[in-house]
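Work through these exercises with the structure open beside you. Try each task before you read its solution.

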Amino acid sequence: MPHFLYLSDVFCPWCYGFAPVMQRLAAEHPELPARVLGGDLMDEPTTLAEMKAHSPNIRDFFIRLAKTTARPVDGFLATLDAERPLRMYSPDMAVLLAALKRLAPGHELAQIEILQQILYGAGRDVFSAEVREEMATRWQVDPIRLERALADPAVREEAGKETREAAALMGEFKLYPTLYLVKGDERRLLARGYASYASVSARLAAALSGNSDGFASGGACSLDGACDA
């Protein structure tokens, strides 16, 4: 069955920025369900304080992100400025995503995008018990079942498997978000990095008609605010 294959990461700011593009594509193409693979952007545990110390111009980056994508980051900037404790670690997030997929299947795109909104839109800790309970309630899952799933070795194994699959697809150069159209045995690259709706939808139309050549590509930006076009 043809589908989108979306490589994203809750801790990827550009994935948060890309969410409206992905939502519009999904709404316009209900015949193309989205399979989401979480990435390993934060492959070492990192706190917001450590990130700020390592990237002193991080505020400039998020201001640029907001201007480029028209997505609000006020909540995150408030958390950054107040130096509230906040942890980022992709492997642990992959377990939460895998648990949600298992307990509330069919909503994986919305699940990862809501967590991105909680982090970068509201500036809240996505690992907090409060957020886990909110996610369970949103998807009509017993919070106790979610907690048990998070500790389930099978869920943890599935999370690791999906992260390894995403890493293999990404290759040596990690650039999130990455979006493919999968048709049978064919996998056509639609976008790498943040790209506009117009550019990605044009690539999708070409891919669906069998005339795809190339893909939409966004600039790679570091958290010090510098970007390569």
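**Exercise 1. Which radius of gyration would a compact globule with 229 residues have, and what does the protein chain have?**

Step 1. This is a predicted model. Start with the rule: for 229 residues, a compact globule would have a radius of gyration near 17 Å.
Step 2. Now take the value for the protein chain, which is 17 Å.
Step 3. Compare: the chain agrees with the rule.
Step 4. Along its principal axes, the C-alpha trace spans about 50 × 40 × 30 Å.

**Exercise 2. Describe the make-up of the chain: its helices and strands, its contacts and its surface.**

Step 1. Count the elements. The protein chain has ten helices and nine strands.
Step 2. Residues 24 or more positions apart account for 72% of them.
Step 3. Turn to burial. Of the 229 residues, 51% count as buried.
Step 4. Finish with the surface. The accessible area comes to about 10800 Å². Carbon and sulfur atoms hold 52% of that surface.

**Exercise 3. At what angle do helix α6 and helix α7 pack, and how far apart are their axes?**

Step 1. Know what to look for. Two packed helices are described by the angle between their axes and the distance between the axes.
Step 2. Find the helices. Helix α6 covers residues 108-121, and helix α7 covers residues 129-138.
Step 3. Read off the geometry. The angle is about 145 degrees, and the axes lie 12 Å apart.
Step 4. The crossing of α6 and α7 is right-handed.
Step 5. Name the residues that meet. From α6 come Gln-111, Ile-114, Leu-115 and Ile-118. From α7 come Val-131, Met-135 and Arg-138.
Step 6. Sort the residues of this contact by type. Five are nonpolar, one is polar and one is charged.

**Exercise 4. Is Glu-162 buried or exposed? Decide for Thr-163 too: buried or exposed?**

Step 1. Glu-162 is found in helix α9, residues 153-170. Thr-163 also has its place in α9.
Step 2. Recall the cut-off: buried means under 20% relative accessible area.
Step 3. Apply the cut-off to Glu-162. Its relative accessible area is 12%, so Glu-162 is buried.
Step 4. Do likewise for Thr-163. Its relative accessible area is 17%, so Thr-163 is buried.
Step 5. List the contacts, leaving aside neighbours within four places in sequence. Glu-162 touches Val-36, Leu-37, Gly-38 and Lys-101. Thr-163 touches Gly-38, Gly-39, Asp-40 and Ala-94.
Step 6. Gly-38 is in contact with both Glu-162 and Thr-163.

Key
Residues are numbered from 1 along each chain as its sequence is written. This is a predicted model: local features need pLDDT of at least 70, side-chain atom pairs count only at pLDDT 80 or more; totals for chains, interfaces and linings use all residues. Side-chain values use heavy atoms; hydrogens and water are left out. Axes are lines fitted to C-alpha atoms, for helices over the stretch in contact, and angles run from 0 to 180 degrees between N-to-C directions. Helices (H or I, at least four residues) and strands (E, at least two) are DSSP runs, numbered from the N terminus. A crossing is left-handed if the near helix is turned anticlockwise from the far one by less than a right angle, and right-handed if clockwise. Contact means heavy atoms within 4.5 Å. Ala, Val, Leu, Ile, Met, Phe, Trp, Tyr, Cys and Pro count as nonpolar, Asp, Glu, Lys and Arg as charged, and the others, Gly among them, as polar. The radius of gyration is taken over C-alpha atoms; the globule rule is 2.2 Å times the number of residues to the power 0.38. Buried means under 20% relative accessible area, exposed over 50%, partly exposed in between (1.4 Å probe, protein chains only). Accessible areas come from the Shrake-Rupley method with a 1.4 Å probe; for residues, only the protein chains shown count as cover.
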